[in-house]
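The sequence and structure are shown first.

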Amino acid sequence: MKKKLVIALGGNALLQRGEVLSAENQQRSIELFAQTVTSLARDYQLVIVHGNGPQVGLLALQNAAYTGSPAWPLDILVAESQGMIGVAIAQALTQCAGGTPVTTLMTRVEVDPDDAAFATPGKYIGPVYPPEQQPELEKRYGWTIKADGQHIRRVVPSPAPKNIVDGDAIQTLLAAGHTVICCGGGGVPVVAQGDSYRGTEAVIDKDLTAAVLACTLDADHLLILTDADAVYEHWGTPQARALRHVTPEELAPFAAPDGAMGPKAAAVIQFVKQSGNAAFIGALKDAPQILAGEKGTCVTR
């Protein structure tokens, strides 16, 4: 029986920071992803979670540009991004998968309505802007904006994922031999309402959702693919050094809620501690070498 691998693919790995947020640029990255992970399908049953930070921010901008109707809420825009990214990944994987069925599942993820993140937005979405545009953007859109490196960017609430609402459907597809694309953009955020759920204005971090999903599925490994080739000590300085093999305790200082590497570190720490299995962080193009321990960062007990 094949091992089960949950892959978390960053939205910034699909649309690189600073590049035009176009379908063409995204498709180029998706085709690279499909070609890269196809070799993994020989040894692993794949479950793919993708990010949506740049994409959902673009949808929100397009949404706000038309003033003839009220803006649609973030949970609906997350669902839109699940569909548009998920179908593109499914099409690319189908072309490379050699007959393995590929299914994209619209997925809801439950969050706590009292999560403190609703009062302190911290999830980056959309394009980056020069700092001098901050007053104009805040006045025009009413956004909360924070520094993102040398740029600024919109931030929105990002509550912690509690439960994969559609987890049974994911299990059913896996049992039928499908490669499953699910929990896109961290999942459509919902809160419990009696025996049902209602959407809520937020964007869940996809890495944290991937960790919850990987534990739920009893996955053998969690692989987080991003636009960085590893976790670095002393990042941005001449003393920068890639961390290749670390324990959860050694990685813990990097798990700060910074909206960048922090959630990735927190996600792999959560998975490794709960499952006892290895997790990995690295660049999209290096996926096979990361799992072989040759590149990226490997986290084990």
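## Helix 3 and its surroundings

The buried residues of helix 3 pack against helix 1 (11-14), helix 2 (23-38), helix 4, strand 5 (123-129), helix 5 (134-141) and strand 7 (151-156). The model is predicted. Those buried residues are G53, P54, Q55, V56, G57, L59, A60, L61 and N63.

Helix 3 comprises 13 residues, which at 1.5 Å a residue should span 18 Å; its end C-alpha atoms lie 19 Å apart, in agreement with that expectation.

## Packing of helix 3 on helix 4

Two packed helices are described by the angle between their axes and the distance between the axes. For helix 3 (residues 53-65) and helix 4 (residues 74-96), the angle is about 120° and the axes are 9 Å apart. Angles of 65 to 115 degrees count as roughly perpendicular and those over 145 as roughly antiparallel; helix 3 and helix 4 are therefore oblique to each other. Their crossing is right-handed.

Helix 3 contributes Q55, V56, L59, A60 and N63 to this contact, and helix 4 contributes L77, V78, E80, S81, M84 and I85. By residue class, the contact of helix 3 with helix 4 contains 7 nonpolar, 3 polar and 1 charged. An α-helix has 3.6 residues a turn, so residues three or four places apart point the same way.

## Packing of helix 7 on helix 9

How are helix 7 (residues 206-216) and helix 9 (residues 261-275) arranged, and within what distance do their axes come? The axes come within 8 Å and cross at roughly 10°. Because angles under 35 degrees count as roughly parallel, helix 7 is roughly parallel to helix 9.

On the side of helix 7, the contact is made by K206, D207, L208, A211, V212, A214 and C215. On the side of helix 9, P263, K264, A266, A267, Q270, F271 and Q274 take part. The residues of the contact of helix 7 with helix 9 divide into 9 nonpolar, 2 polar and 3 charged.

## The site of P248

P248 belongs to helix 8 (residues 248-251). Is P248 buried or exposed? Its relative accessibility is 3%, and P248 therefore counts as buried, the cut-off being under 20%.

Leaving aside residues up to four places away in sequence, P248 touches I269, V272, K273, V299, T300 and R301. P248 and A34 are 214 residues apart along the chain, and their C-alpha atoms are separated by 30 Å.

Notes:
Residues are numbered from 1 along each chain as its sequence is written. This is a predicted model: local features need pLDDT of at least 70, side-chain atom pairs count only at pLDDT 80 or more; totals for chains, interfaces and linings use all residues. Side-chain values use heavy atoms; hydrogens and water are left out. Axes are lines fitted to C-alpha atoms, for helices over the stretch in contact, and angles run from 0 to 180 degrees between N-to-C directions. Helices (H or I, at least four residues) and strands (E, at least two) are DSSP runs, numbered from the N terminus. A crossing is left-handed if the near helix is turned anticlockwise from the far one by less than a right angle, and right-handed if clockwise. Contact means heavy atoms within 4.5 Å. Ala, Val, Leu, Ile, Met, Phe, Trp, Tyr, Cys and Pro count as nonpolar, Asp, Glu, Lys and Arg as charged, and the others, Gly among them, as polar. The expected span of a helix is 1.5 Å times one less than its number of residues. Buried means under 20% relative accessible area, exposed over 50%, partly exposed in between (1.4 Å probe, protein chains only).
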